[in-house]
Amino acid sequence: MLSEMTRYLDRLLDLLTGRLSGGIILAICLTISTTAQTVDFDHEVVPILRTHCVKCHGGIEAKGGFSLNSRKLFLEGEAADPGNPVDSHFLELIRSTDIDLQMPPKDLPRVSTEEQLILTRWVAEQMPWTNGFSFSQLRYQPPLLPRKVPLTGSPETHPIDQILDQYHNTNKLPPLESVDDATFLRRAYLDLVGLLPTPEQLQAFLANRSDQKRSQLIDELLARDLDYTEHWLTFWNDLLRNDYTGTGFITGGRQQISAWLYRALIENKPFDEFTRELIAPESGASRGFIDGIKWRGNVSAGQTNEIQFAQSVAQSFLGINLKCASCHDSFIDRWTLNDAYSLAAIYAQRPLEIHRCDKPINASAQPGWLFPELGNVDPKAPRNERLKQLAALVTHRDNGRYTRTIVNRLWGQLMGRGLVHPLDAMHTEPWNEDLLDFLAEYLVENQYDLKAVLRLIATSAAYGSRSEVLPQDPTNQTDYVFQGRRTKRLTAEQFMDAVWQLTGAAPTDFDAPVIRGQTDLGKDDQGTDENPATLRGEWIWGDSAADGKAPPAGEKLVFRKTVHLPSKVTTAVVTLTADNDFELYVGRRRLATGKDWTRPQTVVITKNLKPGDNDWIVVAGNGGASPNLAGLYLEARIVMEDETVIEVSSDASWQYSERLPTVKSPGRLGKPVGPWRPVVLLGRPGVYAQVNDPIRRGLTMAMSSNSTMVRASLVKSDFLMRSLGRPNRDQIVTSRPSELTTLEAIDLANGQTLAAALQRGANQWTDSEQSTASIVRELFQFALSRQPTAAELSVIQESLGHEMTAEACEDLLWSICMMPEFMMVR
C-alpha cells in the first residue's frame with residue numbers, strides 16, 4: 001500500500017511541477033482516493049486555506065469578488081468544480097508559475113507541493129465541508145425585538161447619564177467634564193439649527209444665571225421650526241437621496257420629494273407616519289423615494305428600480321446594506337441574494353428574474369420581507385397593497401431594528417459617532433446596548449417624535465461635556481470606548497451658512513421647490529392687529545396701469561417711501577414681490593431681489609434701519625413680450641424698543657418715478673431722481689391671490705426667528721459645496737468625509753465663490769465705520785463665540801492697522817474662516 005501511494009504521489013508531483021500532462025490527473029486522484037484515507041477537511045484542508053487564502057478571501061475580505069467563507073460561496077465564485085480538479089480554476093492558479101496569475105500573489109509564500117496534493121484530493125472527493133463551518137468570524141447577532149431598559153440610578157439624574165455612569169464605572173473611566181457655556185451655545189446652535197449664535201445671543205446666554213439655561217436653550221432652538229427644518233433638510237436629503245438637480249431630472253427619470261419633506265419636517269411629522277408615507281405613498285409628493293432613478297440605457301441587474309427600492313428601504317430605515325446581497329449572498333452579514341430580490345419584488349409590477357453577479361439564474365423572486373417573524377406581505381396582493389403591508393411591517397411595534405436605526409443616526413449626528421458604528425452596519429455590536437435600546441423605546445413612548453429624542457440627547461450631561469481628545473490616528477483604535485462626544489467638521493451647508501451669516505452674502509433666491517415657513521396660517525385678512533400675518537397693503541404700479549390698462553412689456557419703475565422711526569429697532573422684516581421682478585434697497589443698499597412674482601422674498605432688515613428717516617427704494621419691472629398686468633406688493637413689520645409695531649405696506653403713501661437711478665457699485669444705488677408721482681392703487685387682483693399665503697408665511701417666520709437668510713440646504717450644490725463634501729445624492733449617504741482634500745484646500749484658498757462672499761462681507765463691515773478692534777471683537781464673537789485673545793488682537797491690529805480697509809477686512813474674514821476652530825463643531 002505504501003509503495004503504491006508513493007508511486008502515485010510521485011506521479012502527481014510530476015504533474016504539479018509540469019512534467020506530466022493534465023489529462024490523467026483525474027484518474028490519478030480517483031486512484032489515490034481509493035487507496036488512501038479520505039481528506040480530513042478540518043485538520044488538513046482548513047489549515048492550508050487559512051494560511052494561504054483567508055487573508056484575501058475570507059472573513060470580511062472578498063478580493064476579486066471571491067469568498068471562501070462557506071462552501072456555497074466558494075462554489076458561487078466558480079473557482080472550483082467538485083469532483084473535477086482538472087477544471088478547478090483555483091488549483092490552476094495555485095500551480096501556476098506565472099507571477100501575474102499565481103495565487104497566492106508573488107510576494108506571499110507559495111502553497112507547497114504536498115499541500116497542493118491535499119487540495120487536489122479534496123476537490124476530487126467532492127470538496128467535503130464540515131456542516132456549519134465558516135471562515136468568517138463569529139459575529140454579533142443584533143436582536144430584533146425592542147427591549148425596555150430599567151434605570152437603576154437616581155431619578156434626579158438624566159436617563160442617558162444614568163446609563164453612562166454605569167458604563168464609566170464598568171470601564172473604570174473618569175467622569176466627563178462639562179464644557180464652558182460659550183462652547184455649549186455654539187455647539188447646540190450648530191447641531192440643532194445649523195447656525196452660528198449672534199454676538200447678542202452669546203452675551204445674553206453668558207449673562208443668564210439660571211441653572212436651567214442649557215435645557216431652556218435646547219427647547220428654544222427646537223421650537224424654531226423654520227431654522228430646524230432648513231438645517232435638518234441636509235441630513236434627510238442625504239439619507240433619502242433627494243436633491244434639486246442631478247442625474248435623472250432632465251429625462252424625467254427621477255422625482256423630488258422636497259416639498260413633502262419640508263412640510264414633514266416643519267410639522268414635525270411622527271417618524272412612523274413619515275416612514276409609511278415614503279414606503280407606501282398615497283400621492284406623488286413623496287413617491288420619488290421608492291421610485292429611485294431610472295437610469296438611461298442598459299443597466300446592471302443591481303441598478304434596476306426594483307433593486308434600488310430594496311436597497312433604499314433597507315439602508316435608510318433598517319441600517320442594512322443590501323448592495324452586496326443584490327449581486328450575490330453577502331460576505332459580511334446574513335443577507336442573501338434571495339432576501340434582496342424578495343424585498344425588491346414587493347415593489348415590482350412584473351415577475352422579477354433573479355440575477356447572480358448580473359447573470360440570470362432561471363428563477364423569479366417572490367415578494368417577501370426581511371424579518372418574517374414579524375409577519376409578511378401577501379405575494380398575490382396588488383403592488384400598492386404590498387407596499388402598505390411592507391410599510392406596516394417596517395414600522396411594526398416589535399421591529400426594534402427600525403427604531404434602533406434612527407436613534408443611532410440621531411446620536412451620531414449630535415455626538416460625532418454612533419452607538420453602532422458605522423451607521424449603516426446595524427449588525428455590528430453597539431458599544432452600549434442599554435443606551436441604544438433605551439433611546440429606541442423612548443422614541444416609541446414619545447409617539448415617534450424625533451425632536452423629543454434630540455432634546456433628550458442634547459439635555460444630557462454627556463452632550464454638554466468636553467469633546468474627546470483623540471489620538472493622532474483614531475482609525476487605529478480597535479476597541480472603541482466612549483469618553484465624550486467627538487468634534488465634528490461643519491458640513492458644506494453649515495460652512496456656507498456660517499460664511500453667509502458673517503458676510504451677508506447669502507443668495508436672495510433658492511432652488512428647493514418649497515414655501516418657507518409655517519403651513520397653518522389663517523386665511524382671514526381681517527385678522528387682529530396683533531397678528532403679523534394680517535395683510536394691509538394693495539398692489540401698486542404707475543400711471544400705465546390706471547383705469548385697468550395693461551402696462552407695457554419691459555417697463556421699469558422706481559418706487560420710494562420714507563419710513564420714519566422714532567427710536568431704535570429690535571426687529572424689522574419685509575416681504576415683497578413684483579410682477580415680474582424687483583430689487584429692494586434700504587439706505588441705497590440692495591437687500592433683496594426677485595424674478596418670480598409667485599415666490600415672494602422675505603428679508604430681515606433690522607441692522608439696516610436707524611432712528612429717524614429711512615429711505616426705501618424698490619426698482620420693479622414688467623416682463624412679457626406685449627402689454628400685460630404688472631404690480632408691486634410689500635408688507636413690513638418693524639418692532640421698536642418699546643415693543644410697539646410699525647406696519648409698512650404698499651399703499652397710497654408710496655411714490656414712483658420713471659427715471660432709474662444709477663448703480664454706484666454692485667449692490668449700491670446712486671441717488672434716486674424724480675419727478676415723483678403718486679402710485680396707482682390696483683387693489684388685490686384675483687390673479688395675485690396665490691401669493692397671499694406665502695407673504696403671510698414670510699412675515700410670520702421672520703418675526704418668530706428674526707432670520708430669513710436663504711440657507712445652503714435650499715440651493716443647488718456648487719463647486720465649493722461639492723469640494724466641502726456635499727454629495728450628489730445619486731446614492732444614499734449617511735456619513736460625509738471628515739478628511740481635508742486637496743480640491744477643498746484649493747477652493748478655500750483660491751475659489752471665486754468664497755472670495756466673492758468675503759469681499760461682499762468686507763464692504764459691509766467696513767461701511768459700519770467701526771475701529772479695527774471693534775470689528776475684530778464682533779467677528780470673533782460671531783464666528784467663534786469668544787473674544788479674541790490679547791495676542792490675537794495685537795497681531796491683527798499690527799497687520800491691518802487701527803482703521804480697517806475693505807481689503808484688510810477681507811483678509812481677516814478669510815483667516816477666521818480658515819481656523820480649525822471655525823470649521824469644527826467643538
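User: What is the volume of the second largest cavity?

Analyst: This is a predicted model, and the volume given here is computed from it. The second largest cavity comes to about 70 Å³.

User: Which helix gives the most to the lining of the second largest cavity?

Analyst: The lining includes Tyr140, Pro142, Arg401, Arg404, Glu433, Leu436 and Asp437. The elements that give two or more residues to this lining are helix H19 (400–415) and helix H20 (433–445). With three residues, the one that gives the most is H20.

User: What is the volume of the largest cavity?

Analyst: The count comes to six cavities of 30 Å³ or more. The lining of the largest cavity includes Leu240, Arg241, Phe249, Arg254, Phe289 and Ile293, and its residues divide into five nonpolar, five polar and two charged. The volume of this largest cavity is about 90 Å³.

User: Which residue follows H12, and what is its phi?

Analyst: Among the residues that line the largest cavity are Leu240 and Arg241. H12 is followed by Arg241, whose phi is positive, near 65°.

User: Which residues do ring pairs link into a cluster?

Analyst: A search of the whole structure finds 32 aromatic pairs. Phe289, which is one of the residues lining the largest cavity, is also one of the cluster members. The residues that ring pairs link into this cluster are Tyr228, Trp232, Phe235, Trp236, Trp260, Phe271, Phe274, Phe289, Phe317 and Tyr402.

User: How many residues apart are Trp541 and Phe559?

Analyst: Trp541 and Phe559 form an aromatic pair with 5.6 Å centre to centre and 50° between the planes, which is tilted. The pair links distant parts of the chain, with Trp541 in strand E4 (residues 539–541) and Phe559 in strand E5 (residues 556–565), and the separation is 18 residues.

User: Are Trp541 and Phe559 buried or exposed?

Analyst: A residue is called buried under 20% relative accessible area and exposed over 50%. By this cut-off, both Trp541 and Phe559 are buried.

User: At what distance from the ring centre of Tyr480 does the charged end of Arg417 sit?

Analyst: The charged end of Arg187 sits over the ring of Tyr463, 5.7 Å from its centre. For Arg417, the charged end sits over the ring of Tyr480, and the distance from the centre of that ring is 3.8 Å.

User: Why is Arg121 counted as buried?

Analyst: Arg121 is found in helix H7 (residues 113–124). The cut-off for buried is under 20% relative accessible area. Arg121 is counted as buried because its relative accessible area is 11%.

Notes:
Residues numbered from 1 in each chain as written. Predicted model: local features only at pLDDT ≥ 70, side-chain atom pairs only at ≥ 80, totals over all residues. Heavy atoms only, no water. Helix = DSSP H or I, 4+ residues; strand = E, 2+ residues; numbered from the N terminus. Phe/Tyr/Trp six-rings, centres within 6.5 Å; stacked < 30°, edge-to-face > 60°. Buried < 20%, exposed > 50% of the residue type's maximum accessible area, 1.4 Å probe, protein only. Lys NZ or Arg CZ within 6 Å of the ring centre and 35° of its normal. 1 Å grid on protein atoms, 1.4 Å probe; cavity = no way out; pocket = protein on both sides within 12 Å on 5 of 7 lines; lining within 4 Å. Points joined across faces, edges and corners; volume = space filled by probe spheres on them. Nonpolar A, V, L, I, M, F, W, Y, C, P; charged D, E, K, R; others polar.
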